[in-house]
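Work through the following exercises with the sequence and the structure open beside you, and try each task before you read its solution.

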Amino acid sequence: MANVIVIGAQWGDEGKGKITDLLSNSADVVVRYQGGVNAGHTVVVKDQTFKLHLTPSGILYPETQCVIGSGTVIDPKALIAELDKLDQLGISTNNLFISETAHVTLPYHRLLDQAAEERRGNQKIGTTKRGIGPTYADKSERTGLRIIDLMNAETFREQLEWTINYKNIVLEKLYNLPPLDPQVVFDEYHEYAERLRPHVVDSSLLIYNAIQKRKNILFEGAQGTLLDLDHGTYPYVTSSNPVAGGACIGSGIGPTMIDRVIGVAKAYTTRVGEGPFPTELHGEMGQLLCDRGAEFGTTTGRKRRCGWFDAVIGRYAVRINGLDCLAITKLDVLDELDEIQVCVAYEIEGQQCRDFPVSARQLAQSRPIYKTLPGWKQSTANCRSLEDLPKQALAYLKFLAELMEVPIAIVSLGASRDQTIIVEDPIHGPKRALLFENGTPQVA
């Protein structure tokens, strides 16, 4: 039995969907613990591509229980559309459970998010405009509505009327937008409530009971470490805590119940939206990584900014999350390169720095210090074991593991499930992650 957290070790979009999908095959329960429809996980199974936003990646396994935890914010309209799409594709959603204490994203949240982002002008933070930030703000302000409120028509109507009358003042006076009609919103969301009612449970109790029965639990985060509200590149961050510590809060269990934390990182680095990005490539090489990696956001379709692997943020992710193994994704994107650069440290105001600066200003001023490694100039897409990899590709993985000071458990070489080298299954058995000794891959 193992309870494993899967987190993004960069700025999100690291390939967590594929890794979670792979590990879900060994999991009894998969829990999504934070974020909302601003997140997106892409899972490729044979010739089908599934784009998931709120539904946990384990939904593709009919025997796996999938839980949307209390730390998420749920847009009922978007979730129902996602469930309908899965049903059309022949994927059962009967195994989906929704926390009764998760907060609800409502129409005024989306309107306020869009209006606020436009008002920021040159100070935009890159929000997806899906209403996530305002939903979390209402949660902190203690004016939010939860799924359990949505399930009680009288409670929902009463709270909704008061809240919309308050939000209309902001919409009209501050943003010059038309007011919302509480009755229209109530009628629409009352229908959503009835659709979702069969899925609503006390999710903390469900997860706890599964742990007591020694089930395998996989905790799935959205976004990535550097987008964490407390520990990311503030203010260019999301509105929740994608880091490993957020899994306990967003799921309703204690930290002593967690056995392992696996971080997912691309073999290079990407970022969507605004904010400093020290290793960003603006020229032909950046475009090559974007094209070969199909770097466009699952949720917004926005082009991702691309750059070399950054070990400074990697070590930071190891520290913040307590990572004990890594999954390296999209190694195949680097197949054509003659040389590959890796950022090993920053230069900040004339000083070399190996530790991540928490100031956005300092990060923007950081100059990456690179180590150049030889490329392997051959395809890795069909490699299925460490022995299949070119010598230079193994050397590259060794270098990353040494820089990050954490072993590698999984190497992904494409979007499909089978394009993967699994050195160990973090859910089953003892820790057997990839170690390196004198340049030779070994298993401990």
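Predicted model: local features only at pLDDT ≥ 70, side-chain atom pairs only at ≥ 80, totals over all residues.

## Exercise 1: The annotated positions

Find which residues the UniProt annotation "active site" covers, and then decide whether aspartate 13 and lysine 139 are buried, partly exposed or exposed.

Solution. The annotation comes from an unreviewed UniProt entry, and it covers Asp13, His41 and Lys139. From this set, Asp13 and His41 belong to the lining of the second largest pocket.

Take aspartate 13 next, which sits in the loop between β1 (3-8) and α1 (16-24). Its relative accessible area is 24%, and because partly exposed covers the range between under 20% for buried and over 50% for exposed, aspartate 13 counts as partly exposed. If residues up to four places away in sequence are not counted, aspartate 13 touches Lys266, Thr270, Val272 and Arg304.

Lysine 139 has a relative accessibility of 31%, and so it is partly exposed. Leaving out residues up to four places away in sequence, the contacts of lysine 139 are Ser70, Gly71, His103 and Gly144.

## Exercise 2: A strand and its partners

Explain why strand β15 (residues 325-329) is described as largely enclosed by the rest of the structure, and name the strands that pair with β15.

Solution. Count the buried residues first: they make up 5 of the 5 residues of β15, and therefore the strand is largely enclosed by the rest of the structure. Then look at the directions of the side chains, remembering that in a regular strand they alternate between the two faces of the sheet. In β15, Cys325, Ala327 and Thr329 point one way while Leu326 and Ile328 point the other way, and all are buried.

For the pairing, begin with strand β11 (residues 260-266), which is parallel to β15 and joined to it over 5 bridges; here alanine 265 has isoleucine 328 of β15 as its bridge partner. Strand β19 (residues 408-412) also runs parallel to β15, with 3 bridges between them, and isoleucine 328 has valine 411 as its bridge partner in β19.

## Exercise 3: Backbone angles

Which residues other than glycine have a positive phi, and where is there a cis peptide bond?

Solution. Start from the general rule that most residues other than glycine have a negative phi, and that most peptide bonds are trans. Against this background, aspartate 13 has a positive phi of about 65°, and lysine 377, in the loop between β18 (367-374) and α13 (391-404), has a positive phi near 50°. The cis peptide bond runs from tyrosine 234 to proline 235, with omega near 10°, and proline 235 lies in the loop between β10 (217-220) and α9 (245-251).

Conventions: Residues numbered from 1 in each chain as written. Heavy atoms only, no water. UniProt positions renumbered as here; feature names shortened; annotations may be inferred. 1 Å grid on protein atoms, 1.4 Å probe; cavity = no way out; pocket = protein on both sides within 12 Å on 5 of 7 lines; lining within 4 Å. Helix = DSSP H or I, 4+ residues; strand = E, 2+ residues; numbered from the N terminus. Buried < 20%, exposed > 50% of the residue type's maximum accessible area, 1.4 Å probe, protein only. Contact = heavy atoms within 4.5 Å. Pairing = 2+ DSSP bridges.
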